[in-house]
Amino acid sequence: MSTSPEEQFSWTRYTPWILLAIILVFPFILPSRYLLRTLVNIFFFAALGCAWNIIGGYAGQLSLGHSAFVAMGAYPTGLLLLYYNVPPWIGFIPGIVVAVVVAFLLGHLVFGLRGPYLALSTLAFGEIVRILLLHFRDQTGGSLGVTIPFRGTDAWKLQFASEQPYYYICLALLGVCLYVTYRVHSSRMGYYLQAIKENQDAAENLGINLAGSKVKALMISAALTALLGAFYVAYFYYIDPDSVAGSDLSIKILLVAIIGGVGTVWGPIVGACILVPLTEISNYLFGGGRAGASLIIYAIILIIVVLFSPRGLITLLPGGARSYRSE
Amino acid sequence: MDAEIVLQAMVNGLMVGGVYALIAVGLTLIFGVMNVVNFAHGEFVMLGMVMTYLLHRFFGMDPGVSILLVIPLMLGVGALIQKGLISRVVGQPDEAQILLTLGLSVLLTNIVLLFMGPDYRSVKTTYKLSVWAVGPILFSVPRLLAFIVAMAFSGILWLFLTKTDLGKGLRAVAEKPEVATLMGINPRRMHMLAFGIGISLAAGAGSILTPFFYTFPSVGGMFVLIAFVVVVLGGMGNIPGAIVGALAIGITESLTSQFVALDLAMLGVFIIFVLVLVFKPSGILGKGKVY
């Protein structure tokens, strides 16, 4: 006797919901501080990768200076909290405004450029922001950075002694980034961006406003990145120009998206699930002081992905290739 | 503003600009011959510095001698990297080239970091602090030597490209690869030669930097940005343009740090960079590849 496919319990259909349920109750089943911190890191980098993906993946405009937007979210939030006691959930707003305005100006300035010229100008943009943060040390603390004192659990200031609240906040932020990416992915704008990525001249001939679409994508991406920057300062209690505006962070953001699957909704999650645990393992094996080890592994993975699997590791998962719209 | 201070700042900038020129001609040669932007270029400067540091530390070798070992060694290393890695992305989309060379740059920095740690190291030569005075203007001896050596190697590259058959072959591949192939030139070999020369000059620049510049694993990031600025300023693929651009950038950097703020030296350079990219991406000296 045969059953119709509808009657069978479909694992592929329910797997995402089962996973989500596990993720939601996880902090209660296994409240290990270390495991939760690792998961928060995975959510955080997956969210950054998603935000980057909107401009770098969907629109194909490689940004090598995205950490500048993290800094634009982190610095105002941190300084407002430190000097004026403004809680991060209000203090993130000015940072987002700054990031969006800068993205608008930067986009109009550099999106006439293509390929390596564009990548170089974004690299220089990131450096300019880092140098300015180092220079205005009276406001930013220069290379000493900004340290937020922890004064006991205070939900108003988003300061918690336990790890669980951060877990849910970061999960929610990842949800926001995924939702925005999904909206871009399935909207008219998503098709415009894909057309731009594949052939800018052809896209322009079809009547797509190149500069307008690219600038809009960068503004969305910058706003999400700055929001995550605000979370960064609230979670780590410390920022300095090298850690939040340095090229290392920019490269990590791009790696998460590219290794996972560039221009897909779920790719950055795959990327973060690979990269963050790798960092943990290599820190365990080589000691955290020698941060070089994890980056060596990243670099090797990046080179392998570029040479052998340019659409990212998501294509190796069952059904992963379907993440690309054209499939 | 005191004319002597301005002149002194310009002289200092010119000396460093000479070293930038040697780094940048390699980058622009690689771009000119195979249209690949080498994001790992700065790491080869760093490798040159590290090798020179080690040769000095363990054998007491002077950087002026080490450069004669570093350049041929890196010529071979470069040819191998080209054959094994870069050749796979020649003619591929820009992203593949950018990401591959970026990956290479992260790899090299962190391998050195793993073995040497993040410490700043210096090569102590006997002439490290020597100064040569011409009227009121002071020439730091290690910088002056670096400038002379860098200009000499840039000159040798120029003679090689314009006077020898091999050099003419390189230029032919740069200009019309199909026609060059018809003339019996093997473009793959020429790519290996170009990448080898390009990175060996970067490493050579690293050697002569050591007497007056700290050696550390992430030092390359700084030089690669400067080299990009210079190459864009001079026109991508344009060797005389790169030399003029490098001297101009050296002077800009020095004047900014003298008259604006020490830690903003690079800011002036990057702002010029973005402006040139946006308003005159073909470079200030005009268009395209010139040899």
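Two strands pair if DSSP finds at least two bridges between them, and strands (E, at least two residues) and helices (H or I, at least four) are DSSP runs numbered from the N terminus. The model shown is predicted: local features need pLDDT of at least 70, side-chain atom pairs count only at pLDDT 80 or more, and totals for chains, interfaces and linings use all residues. Residues are numbered from 1 along each chain as its sequence is written, while chains are lettered from A and ligands numbered from 1 in the order in which they are written.

**View 1. The hairpin of chain B.** Strand β1 (residues 131–134) of chain B and strand β2 (residues 137–140) of chain B pair in the antiparallel sense, over four bridges. A133(B) has L138(B) of β2(B) opposite. Two residues separate β1(B) and β2(B) in this hairpin, and G135(B) in the turn has a positive phi of about 60°.

**View 2. Chain B as a whole.** The secondary structure of chain B consists of 11 helices and two strands, in the sequence order α-α-α-α-β-β-α-α-α-α-α-α-α. Its C-alpha trace spans about 60 × 45 × 35 Å along the principal axes. The radius of gyration of chain B is 19 Å, which agrees with the value near 19 Å for a compact globule of 291 residues; it is taken over C-alpha atoms, and the globule rule is 2.2 Å times the number of residues to the power 0.38. Two residues are in contact if their C-beta atoms, placed from the backbone, lie within 7 Å. Of the contacts in chain B with a separation of 6 or more, 79% join residues 24 or more positions apart.

View 3. pLDDT is the predictor's confidence in each residue, from 0 to 100. Chain B averages 88, and 96% of the residues score at least 70. For the complex, the predictor gives an ipTM of 0.86 and a pTM of 0.87.

**View 4. Surroundings of G198(B).** G198(B) is part of helix α8 (residues 187–209) of chain B. A residue is buried if 20 or more other C-beta atoms, placed from the backbone, lie within 10 Å of its own, exposed if 12 or fewer, and partly exposed in between. G198(B) counts as buried because 30 C-beta neighbours lie inside 10 Å. Not counting residues up to four places away in sequence, G198(B) touches G26(B), L27(B), L29(B), I30(B), N38(B) and G78(B). A24(B) lies 174 residues from G198(B) in sequence, with 8.7 Å between their C-alpha atoms.

**View 5. The contact between chains A and B.** Chain A gives 34 residues to the contact and chain B 32 residues. On the side of chain A, the elements giving two or more residues are α4 (88–110), α5 (115–135), α12 (247–260) and α14 (292–308). The largest share, 13 residues, comes from α5(A).

**View 6. Two positive phi angles in loops of chain A.** N85(A), in the loop between α3 (67–84) and α4 of chain A, has a positive phi near 55° and is not a glycine. N85(A) is exposed, with 10 other C-beta atoms within 10 Å. Y237(A) lies in the loop between α10 (210–236) and β2 (238–239) of chain A. Although Y237(A) is not a glycine, its phi is positive, about 65°. Y237(A) is partly exposed, with 15 other C-beta atoms within 10 Å.
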